[in-house]
Amino acid sequence: MRTPVDNMTDILDSAPSGTERPQRTERSDAEWRRQLTPEQYRVTRRHGTERPFANEYHATKTPGTYHCVCCGIALFESGTKFDSGTGWPSFTQPVSVGAVTEKMDRSWFMTRTEVLCAGCDAHLGHVFSDGPPPTGLRYCMNSASLRLEPKE
């Protein structure tokens, strides 16, 4: 069985641009606490999960780009967002190959693929291989880790 990480590598191998890694943002724990709301801090810096259907972006249809709430890099385009029925904003792919990183997460007695911001290692959510075409992936993100910049 293919993992989300394997599948995304195949899909993005042919990406024409946007594959460079963003500049790293490093801050102390105290600086992150000052910058973020308590919920944003819990989710992004402590690998938390917000409640489904009770978060800012799960049903948002506003066109634009979703950015990391911590460092501001672009992560997902609204055109790749879909209603997964899970109660969290879900996307078929990141805005570019270098926008996110993935690692195995074996917490809560299961194995999943965690998605992190490539710019600051903020916990964004998880990726699953049960999404719609064209990627077959579901990037299930926490609204608390995102900031939507509407398209003008």
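User: How many residues of strand 6 are buried?

Analyst: In this predicted model, strand 6 spans residues 112–117, and six of its six residues are buried.

User: Which way do the side chains of strand 6 point?

Analyst: In a regular strand, side chains alternate between the two faces of the sheet. Here Arg112, Glu114 and Leu116 point one way, whereas Thr113, Val115 and Cys117 point the other way. Residues of both sets are buried.

User: Which strands pair with strand 6, and in what sense?

Analyst: Strand 5, residues 100–105, pairs with strand 6 in the antiparallel sense over six bridges. Within this pairing, Lys103 has Glu114 as its bridge partner. Strand 7, residues 123–128, also runs antiparallel to strand 6 and is joined to it by four bridges. There, Thr113 has Val127 as its bridge partner.

User: What lies between strand 6 and strand 7 in their hairpin?

Analyst: Five residues separate the two strands, and Asp121 in this hairpin takes a positive phi near 65 degrees.

User: Are Cys117 and Cys140 buried or exposed?

Analyst: The cut-off for buried is under 20% relative accessible area. Cys117 has 0% and is therefore buried; Cys140, at 9%, also counts as buried.

Notes
Residues are numbered from 1 along each chain as its sequence is written. This is a predicted model: local features need pLDDT of at least 70, side-chain atom pairs count only at pLDDT 80 or more; totals for chains, interfaces and linings use all residues. Side-chain values use heavy atoms; hydrogens and water are left out. Buried means under 20% relative accessible area, exposed over 50%, partly exposed in between (1.4 Å probe, protein chains only). Two strands pair if DSSP finds at least two bridges between them.
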